[in-house]
Amino acid sequence: MKKIVIVSAMLAFSSVAFAKPTFTGNNYTGLYECKGENSSIGAYDVVVALRLNRVSSHGKFGAYYYETETVNSTVYHGQAVADGNRLAISFNIRDKKNNVDHSTGIATIKKIGKDRWSFRKEYFEPDDSGGSYGTEDCVMKVLTAEEKKAMEHKTQEKAVPKPAAVAPRSKQQ
């Protein structure tokens, strides 16, 4: 009987020792309106969706699904990881002809209000002629009740949220 109690206790403690810590970092989930500038195409506007991956996030490490779609139907699917106020982003760029390129970015996140964030992203997109680079300044949208409900529903699903595209902005002189 004593051996059974000791073995049971050891098994209980070993499973506790390997349990993943809960996520304690800031949750940056939301839709962000972004104004960008790219070395090849100039000024543009996009909406970025970030959604916390609850399975892979732990401690202060946040794992995110990342998606955006431009007005010309270029779709970016990828992932981001957060460490404090720094966000590393990696994503694919797929055009209407199903061509795929890759992009990498890094962002600094700032709190702008209760449960609202902004970030400035710098990125690089390689291509056959040396690549292009750019920046995006993004501000979390204040969601309507309907958008908030849809975002919460998406958080419970495994699908990546699909933001609406916005029109490109004209280059300012």
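Trainee: Why does Asp45 count as buried?

Mentor: Asp45 has 15% relative accessibility. Buried means under 20% relative accessible area, exposed means over 50%, and partly exposed lies in between (1.4 Å probe, protein chains only). So Asp45 counts as buried.

Trainee: What should I know about the model itself?

Mentor: It is a predicted model: local features need pLDDT of at least 70, side-chain atom pairs count only at pLDDT 80 or more, and totals for chains, interfaces and linings use all residues. Residues are numbered from 1 along each chain as its sequence is written, and side-chain values use heavy atoms, with hydrogens and water left out.

Trainee: What makes Lys35 and Asp45 a salt bridge?

Mentor: The closest N and O atoms of Lys35 and Asp45 are 3.9 Å apart. A salt bridge needs a side-chain nitrogen of Lys or Arg within 4 Å of a carboxyl oxygen of Asp or Glu. Lys35 and Asp45 therefore form a salt bridge. The structure holds 5 salt bridges.

Trainee: Which parts does the pair of Lys35 and Asp45 tie together?

Mentor: Lys35 lies in strand S1 and Asp45 in strand S2, so the pair ties together parts that are 10 residues apart in sequence. Helices (H or I, at least four residues) and strands (E, at least two) are DSSP runs, numbered from the N terminus. Lys35 has 46% relative accessibility, so Lys35 counts as partly exposed.

Trainee: How are the strands arranged, S1 through S8?

Mentor: The 8 strands run S1-S2-S3-S4-S5-S6-S7-S8 in a closed barrel, with antiparallel pairing. The twist averages 25° from one strand to the next. Axes here are lines fitted to C-alpha atoms, for helices over the stretch in contact, and angles run from 0 to 180 degrees between N-to-C directions.

Trainee: How do you know that S2 and S3 pair?

Mentor: Two strands pair if DSSP finds at least two bridges between them. S2 (residues 42–52) and S3 have 6 bridges, in the antiparallel sense. So S2 and S3 pair. Arg51 has Tyr65 in S3 as its bridge partner.

Trainee: What joins S6 to S7?

Mentor: 9 bridges join S6 to S7, and the two run antiparallel. Thr104 has Phe124 in S7 as its bridge partner. Phe124 also stands opposite Tyr133 in S8. S7 and S8 pair over 8 bridges, again in the antiparallel sense.

Trainee: What sits in the turn of the hairpin of S6 and S7?

Mentor: The hairpin has 2 residues between S6 and S7, and Asp115 in the turn has a positive phi of about 60°. Asp115 is not a glycine.

Trainee: Why is Asp115 called exposed?

Mentor: Asp115 has 53% relative accessibility, so Asp115 counts as exposed. Lys114 is exposed too. Asp115 and Lys114 form a salt bridge, with the closest N and O atoms 3.3 Å apart.

Trainee: What makes Cys34 and Cys138 a disulfide?

Mentor: The S to S distance of Cys34 and Cys138 is 2.1 Å. A disulfide is a pair of cysteine sulfur atoms within 2.5 Å. Cys34 and Cys138 therefore form a disulfide. Cys34 is in strand S1 and Cys138 in strand S8 (residues 132–140), 104 residues apart. Both cysteines are buried.

Trainee: Why is the disulfide of Cys34 and Cys138 called right-handed?

Mentor: The torsion about its S-S bond is about 115°, so the disulfide is right-handed.

Trainee: Why are Tyr28 and Tyr64 called a tilted pair?

Mentor: Tyr28 and Tyr64 lie 6.2 Å centre to centre, with 35° between the planes. Rings of Phe, Tyr and Trp (its six-membered ring) pair if their centres lie within 6.5 Å; planes under 30 degrees apart count as stacked, over 60 as edge-to-face and the rest as tilted. Tyr28 and Tyr64 are therefore a tilted pair. By this rule the count comes to 5 aromatic pairs.

Trainee: Are Tyr28 and Tyr64 buried or exposed?

Mentor: Tyr28 has a relative accessible area of 2%, so Tyr28 is buried. Tyr64 has 2% relative accessibility and counts as buried. Ring pairs link Tyr28, Tyr64 and Trp117 into a cluster.
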